Amino acid sequence: MTVDKLQGVMQSTLQGSVPLALSIDGATKRYDSGFTLEDVTFDLPAGYIMGLIGPNGAGKSTLIKLILNMIRRDAGSISVLGMDNIRSEEAIKEQLGIVFDTHYFIEAWTVRKAGQAMAPMYPTWNQQAFDSYLRRFGLDERKKVKELSRGMQMKLMLAVALSHDAKLLILDEPTSGLDVLGRDELMDILHEYIEDGARSVLFSTHITDDLEHAADFIAYITGGRLYYSGPKDEFEDSFRLVKGGPEQLDAIAGQTLGIHRYETGFDALLPMSAAKKLQSNDMNLAIEPVLIDDIVRLTNAKEETR
Amino acid sequence: MNAIAKAVRLDRLRMTANGMLSMLVMAALPPAFVLLLGGFDGVSIVVTGVIEGMLMTVPAALTMNLFVYEDQNNHRQMNAIVPIARQYQVVGRYLIMAVVDVCAVMDFALCIGLTYVVGGGTDLTSALVGLAVVFGGSIVMESILLPLMYRFSSAEIVLLLMVGLMLVVFALCALALLFKAQVTAIVACLGAHVFVLMPLTVLIGVAFVAIVVAASLSISLRIYLRKEL
């Protein structure tokens, strides 16, 4: 999807003409440990996939817990499918499909029993769809949850999440237990899932390769703060990766958003505008497009190296 | 299906996670105990007492088991996924507790019947008192346990029960000894004027159990609504 189209969608959401799957406004959570998720604000328009990225401990899972009302919010508001996530908790959860990084079933349950436990929870449960996902994922109904591999346990959660016509899928690090084939399959499923334009996905991960192909939007959280939210391609286009030798460090001083120094040189993240100036000054620096991984890696590089 | 019914159903599936067979074995043990030992002279009173104790503690153990499951392998996260508001999850758990207690009473009634057949008789009053003790006792015991289970982890509860229970028993005994004369007078007065009247005794018992359950439910709701999952 083009950046222009996604920017148009963002504009329309601001004007209220595109329905929102998720709207977070100033969400804040303070822990006694000292960690704070501070004033997070972003929207996910209906019909799109948003990648929620950030390093470990950035606050991604905290944000998901706030959305699901698992923890108390200290400030802000969260609206899911147009409803307040606390006041309309039951109505919202009937329309949510959720996958965590570890399964939530009782280990002694069989796959069949896990399905039986979840089916009555949702008025829109589709047993045929559930059975079909079990076949597609190669899940044996008679197997106990504890006998499944981590990847298969994730697929069981996914089968449940996809079998009740959920309008919003929330996936918390779903790919961490999957091999490359499993991750590809998951991405295909997510694309099929949003095809009708009415369903959306919020996908938290630190394996950013997954998002390069799948995500339309990115919300990047680091150190408990929202660093960026918007179209994924615009995110990548906003920065450039600049590589050079130690003697060229002075040329980028004061302009970097993050830098990693080696004995033989450096990798630095610069805003697009600064990188363009360097290019026009013919500084002999290597200026390359960035991957999401580079942005996460370099914006989390230690302050003193900038 | 409404939210409370969903919560009860989910807890039933948790309770029978290891299959219905284990539940049936648990239910079959007390009657089997009566059949094996109830026929011996002078043993039936002991057997009845043991069964009363068993049937009062088994429902509490089953209810505790629900919390143990929740503490294992992130199963508590399921409570955050299912479309059941937290207050209904709590109410559902109290209802499943009541259902298990009714099953325990039915089991006890079966045991009394078998004692009559095997051991040659028991009077109706003591049978009814036994039923009331099993039902009321297990409900009170679970009502004390449930708020604790909502507040603490199952590992903490085991420690709390071991140390706390001993301390409470010790404190009660110490108080009874300190105020021996007053306690004796109160017990004698209740025995002479209140407990001789069956309807009044029943009324006091029912009121006591109802107050304990209401207080327990209120505390559990307060704790669970504020709990971070």
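A residue is called buried when its relative accessible area is under 20%, exposed when that area is over 50%, and partly exposed in between. The legends below describe close-up views of a predicted model.

**Figure 1. An aromatic pair in chain A, Tyr31(A) and Phe35(A), is tilted.**
Tyr31(A) has a relative accessible area of 26%, so the residue is partly exposed. Phe35(A) also counts as partly exposed, with a relative accessibility of 23%. In the pair shown here, the ring centres are 6.4 Å apart and the planes stand at 35 degrees, so Tyr31(A) and Phe35(A) form a tilted pair.

**Figure 2. Phe67(B) and Tyr150(B) form an edge-to-face pair.**
What separates the two rings, and at what angle do their planes stand? The centres of Phe67(B) and Tyr150(B) are 4.9 Å apart and the planes are at 90 degrees, so the pair is edge-to-face. Phe67(B) belongs to helix H3 (residues 44–71) of chain B, and Tyr150(B) belongs to helix H6 (residues 124–151) of chain B, so the pair ties together parts that are 83 residues apart in sequence. Is Phe67(B) buried or exposed? Phe67(B) has a relative accessible area of 2%, so this residue is buried. Tyr150(B), with a relative accessible area of 3%, is buried as well.

**Figure 3. The charged end of Arg93(B) sits over the ring of Phe67(B).**
The distance from this charged end to the centre of the ring of Phe67(B) is 4.6 Å. Arg93(B) is part of helix H5 (residues 86–119) of chain B. Its relative accessibility is 3%, so Arg93(B) counts as buried. Which residues does Arg93(B) touch, not counting residues up to four places away in sequence? They are Asp11(B), Arg14(B), Leu66(B), Phe67(B), Glu70(B), Leu146(B) and Tyr150(B).

**Figure 4. Helices H6(B) and H7(B) pack at an angle of about 135 degrees.**
Helix H7 of chain B covers residues 154–178, and its axis is 9 Å from that of H6(B). Angles over 145 degrees would count as roughly antiparallel and those from 65 to 115 degrees as roughly perpendicular. The angle between these helices therefore makes H6(B) oblique to H7(B). The crossing in which H6(B) passes H7(B) is right-handed. Which residues of the two helices meet? From H6(B) come Leu145(B), Leu148(B) and Met149(B), and from H7(B) come Ser154(B), Ile157(B), Leu160(B) and Leu161(B).

**Figure 5. Chain B has 9 helices and 0 strands.**
Along the sequence, the pattern of chain B reads α-α-α-α-α-α-α-α-α. Its C-alpha atoms fill a box of roughly 55 × 45 × 35 Å along the principal axes. Of the 229 residues in chain B, 36% are buried. Among contacts between residues at least 6 apart in the sequence of chain B, 81% join residues at least 24 apart.

**Figure 6. Helix H12 of chain A is mostly covered.**

**Figure 7. Ile287(A) lies in strand S14 (residues 286–289) of chain A.**
Not counting residues up to four places away in sequence, Ile287(A) touches Arg240(A), Leu241(A), Val242(A), Ala275(A), Leu278(A) and Gln279(A). Between Ile287(A) and Arg72(A), the separation is 215 residues in sequence and 45 Å in space, taken from C-alpha to C-alpha.

**Figure 8. Asp39(A) has a positive phi although this residue is not a glycine.**
The phi of Asp39(A) is about 50 degrees, and the residue is placed in strand S2 (residues 36–45) of chain A. Glu173(A), another residue other than glycine, has a positive phi near 50 degrees. Where is Glu173(A) found? Glu173(A) is in the loop between strand S7 (168–172) and helix H7 (180–193) of chain A. With 8% relative accessibility, Glu173(A) counts as buried.

Note on methods: Residues are numbered from 1 along each chain as its sequence is written. Chains are lettered from A and ligands numbered from 1 in the order in which they are written. This is a predicted model: local features need pLDDT of at least 70, side-chain atom pairs count only at pLDDT 80 or more; totals for chains, interfaces and linings use all residues. Side-chain values use heavy atoms; hydrogens and water are left out. Rings of Phe, Tyr and Trp (its six-membered ring) pair if their centres lie within 6.5 Å; planes under 30 degrees apart count as stacked, over 60 as edge-to-face and the rest as tilted. Buried means under 20% relative accessible area, exposed over 50%, partly exposed in between (1.4 Å probe, protein chains only). Helices (H or I, at least four residues) and strands (E, at least two) are DSSP runs, numbered from the N terminus. A charge sits over a ring if NZ of Lys or CZ of Arg is within 6 Å of the ring centre and within 35 degrees of the ring normal. Axes are lines fitted to C-alpha atoms, for helices over the stretch in contact, and angles run from 0 to 180 degrees between N-to-C directions. Angles under 35 degrees count as roughly parallel, over 145 as roughly antiparallel, 65 to 115 as roughly perpendicular and the rest as oblique. A crossing is left-handed if the near helix is turned anticlockwise from the far one by less than a right angle, and right-handed if clockwise. Contact means heavy atoms within 4.5 Å.
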